[in-house]
Amino acid sequence: MAVASQGANVLEKAIGHVESGVTEQDMSNPDRDREKYADPSGEKMKALVWNGKNSVELVETHKPKIVEDRDVILKVTGSTICGSDLHLYHGAVIQLQKGDILGHEFCGRVDSVGPAVKNLKPGDRVVASFQIACGECMYCQKKLSSQCERTNANKVENVMYGGRTAGMFGYSHFTGGFAGGQAEYARVPYGDVNLLPLPDDVPDEQGLYLSDVLSTSWNCVVDTGVKEGDVVAIWGAGPIGQMCAEMSFIRGAKRVIVIDGGAAAWRLDRVKSKTPNVETLNYTDLAKGETVTSKLQEMEHGGPDVALECAAGEYAKGIGHKLELALGLETDTSEIVNEMMTSVKSFGRCGITGVYVGFTNHFNIGALMERGIRLIGNGQAPVHLYWKDLLKMIQDGRLDTRIMLSHRINIDEMDTLYRKFDARADNIQKVFVQTRFSDPPAPGTPELTSWK
């Protein structure tokens, strides 16, 4: 995959970007061109950068400056790590470059605004959408912000997918090459549309997660059509799977079964402790001859109505897929998707929210066709479509993000966090990462953990 990634970088440089991009691309670290991207004050900041496969490092780099009229510079007061960040860490997402600043979920206080930004001012508390939308194109007018036509000029993605996603913070040059928010400062292009003000009654430890995990979970549940009386099975008990379980009940699901295992099996107990009416299935405890499909169909006649994929395509279980991934014969395993399709009732619905980046082998297209399975790619969640409603749900007490929050750390230990999160160690579920600009922990949230 590393060779493919570097090859894609060379190809993109050779063929050039598409012409529809309207914001500066490939500025993934201000130090790549200090004169053009770094604040003239010379102020430095801490930031977490990618150094190669399974290697990240906390470095000192320059504070970004306003480059375009609709830019906003944030003092980051909170960020986090996401399962999607591990795909970057592993090198599973192409077109990463050494020194890229990572992180797509963050909140903060406005430090400065470009001359065209009229709805924000220095000192305002805001959360950033993980995707960068222009606010004006066909998709943005429908609030489908993750598919903005104008903020990602990457031509390789266009060729692979037949179209492009929006630009995304800290998620490789495949999505525009924008510096991320696992840093003390962040530049937000089109800040007037990609930042949501946070009210005083919503602390950073709740508002931060509007950036991605809440919108992604809600989109998974809503887009796959979870409704009153459904039996829902969820693959993956990480933060997305946990919030999908909670949100499925909010949508009226009758039963929710969460599936996980291996080194992450402890997460099942955590989810159960926070949402007691969840049922769990540990695939590593299955008896000889049992499968996830047979067990689910034993638990519910005909299987669940809905299956939600909240894991990802890079985690192979069988030796065949492990070998094909290692040899570059596929980029994603089809194992979980096949389990979902064979587990649900005929005409059941399967939604894919875990990250899949390219191509897979041994896909059970027969089950899809013969049993009328609805396979839905949930896509990168359109944050702008949901985040105001989700904010109101937090304010009303219908949604409590603290159920997934397990740790608080300082940005100084971000590199250690990547290693521990990747190993599923220390019962790390969802983390709040503080900076020198952060407020003290809000009531009911974790105190600071240090591994030093």
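How many salt bridges does a search of the whole structure find? In this predicted model, the search returns 33 salt bridges.

**Exercise 1. Work out what the salt bridge between Glu43 and Lys63 ties together, and how accessible each partner is.**

Step 1. The side chains of Glu43 and Lys63 meet at 3.8 Å, N to O, and the cut-off for a salt bridge is 4 Å. Glu43 sits in the loop between α2 (34–37) and β1 (44–52), while Lys63 sits in the loop between β2 (55–62) and β3 (72–79), so the pair ties together parts that are 20 residues apart in sequence.

Step 2. Buried means under 20% relative accessible area, so Lys63, with 7% relative accessibility, counts as buried, whereas Glu43, with 25%, counts as partly exposed.

Step 3. Both residues belong to a network of salt bridges that also links Asp111, Glu184 and Arg436.

**Exercise 2. Describe the lining of the largest cavity.**

Step 1. The largest cavity has a volume of about 100 Å³, and its lining residues include Met27, Tyr37, Phe178 and Arg187.

Step 2. By class, the lining divides into 10 nonpolar, 1 polar and 1 charged residue, and strand β8 (residues 185–188) contributes the largest share, 3 residues.

Conventions:
Residues are numbered from 1 along each chain as its sequence is written. This is a predicted model: local features need pLDDT of at least 70, side-chain atom pairs count only at pLDDT 80 or more; totals for chains, interfaces and linings use all residues. Side-chain values use heavy atoms; hydrogens and water are left out. On a 1 Å grid over the protein atoms alone, a cavity is a set of points where a 1.4 Å probe fits but cannot get out, and a pocket is an open set with protein on both sides within 12 Å along at least five of seven lines; lining residues have an atom within 4 Å of a point. Grid points are joined across faces, edges and corners, and a volume is the space filled by probe spheres set on the points. Helices (H or I, at least four residues) and strands (E, at least two) are DSSP runs, numbered from the N terminus. Ala, Val, Leu, Ile, Met, Phe, Trp, Tyr, Cys and Pro count as nonpolar, Asp, Glu, Lys and Arg as charged, and the others, Gly among them, as polar. Buried means under 20% relative accessible area, exposed over 50%, partly exposed in between (1.4 Å probe, protein chains only).
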